[in-house]
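These are my notebook entries from a first walk through this structure. Have the sequence and the 3D view open, and follow along with me.

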Amino acid sequence: MSKKVERLWGWYTVLRAGPHFKVKELTILPGKGISLQRHFHRGEHWFISSGKCDLEYPSVDTLKEHDTFHVKRGEMHQLINRYEEPCKIIEIQYGTKVIEEDIEKILNGPGSPESVIHEDKGISGTTGRLRL
């Protein structure tokens, strides 16, 4: 198991990785959320292991303990924890590239509350695209 990687929304730990897959545990803290984003070389499958989060894209729904959700390659997605407990997610990434740099973030897209600070850059209250 790898070390805990801190983000403004919480943290993640890589549990297992191979050439075309990566398994992470994400913890999204109350009042935080991941940016509206998409990936060009990978899809993701989420399993909510505890807590709950609001899915803002590609649809609007509340994901709670034991729910699963599939994010297709290239599909915009965003999660926000508006609840009092941390939301823990087992994320399975799969595709031709499972690297952190495979991400396009759309800052403050629809459904993104001003109070959510986006990961990596700590940007809030601005609109734009950030390609990492």
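**Entry 1: a glutamate in a strand**

I began with E56, which lies in strand β6; a strand here is a DSSP run of E with at least two residues, a helix a run of H or I with at least four, and both are numbered from the N terminus. Is E56 buried or exposed? I found E56 buried, because its relative accessibility is 13%. For these words I used under 20% relative accessible area for buried, over 50% for exposed and partly exposed in between, with a 1.4 Å probe and protein chains only. Next I looked for a partner: the side chain of E56 makes a polar contact with the side chain of R82 at 2.8 Å. A polar contact is a pair of N or O atoms within 3.5 Å; within protein, one must be able to donate a hydrogen and the other to accept it, and residues adjacent in sequence count only if both atoms are side-chain atoms.

Before going on, I noted that this is a predicted model, in which local features need pLDDT of at least 70 and side-chain atom pairs count only at pLDDT 80 or more, while totals for chains, interfaces and linings use all residues. Residues are numbered from 1 along each chain as its sequence is written, and side-chain values use heavy atoms, with hydrogens and water left out.

**Entry 2: the sheet around β6**

I then asked which sheet holds β6, and found an open one of 3 strands in the order β7-β6-β9, with antiparallel pairing. Two strands pair if DSSP finds at least two bridges between them. β7 (61-64) and β9 (78-80) are at the edges with a single partner strand each, so one side of each has no neighbour in the sheet. From one strand to the next, the twist averages 35°, taken between N-to-C directions of lines fitted to C-alpha atoms, on a scale from 0 to 180 degrees. I looked up the β6 and β7 pairing too: 4 bridges join these antiparallel strands, and L55 stands opposite D61 in β7.

**Entry 3: the whole protein**

How many helices and strands does the protein have? I got 0 helices and 12 strands. Buried residues make up 40% of the 132 residues. I also checked contacts, meaning heavy atoms within 4.5 Å. Of the contacts with a separation of 6 or more, 65% are between residues 24 or more positions apart.

**Entry 4: the sheet of 6 strands**

Another open sheet has 6 strands in the order β1-β2-β3-β10-β5-β8, with antiparallel pairing. Its edge strands are β1 (4-7) and β8, each pairing on one side only. Neighbouring strands of this sheet are turned by 25° against each other on average, direction ignored.

I went through some of its pairs:
- β3 and β10 run antiparallel and are joined by 8 bridges; V23 has I92 in β10 as its bridge partner.
- β5 and β8 are antiparallel with 4 bridges, and F47 stands opposite T68 in β8.

In a regular strand, side chains alternate between the two faces of the sheet. With that in mind I looked at β8: F69 and V71 are on its covered face, T68 and H70 on its uncovered one.

**Entry 5: the core**

Which residues have the most contacts inside the largest nonpolar core? They are I28, W46, L63, L79 and I89, in a core of 16 residues. Such a core is a set of buried Ala, Val, Leu, Ile, Met, Phe, Trp, Tyr and Cys residues joined through side-chain atoms within 4.5 Å. At least two of its residues come from each of β2 (10-18), β3 (21-28), β5 (42-50), β6 (52-57), β8 (68-71) and β10 (87-95). I followed L79: beyond its neighbours within four places in sequence, its contacts include I28, W46, L63 and I89.

**Entry 6: a histidine in a loop**

My last stop was H39, in the loop between β4 (36-38) and β5. H39 is buried, because its relative accessible area is 2%. Its side chain makes a polar contact with the side chain of R42 at 3.1 Å, and reaches the backbone oxygen of D102 at 2.7 Å. Leaving aside neighbours within four places in sequence, H39 also touches other residues, among them E44, R73 and H77. H39 and H77 are 38 residues apart along the chain, and their C-alpha atoms are separated by 9.4 Å.
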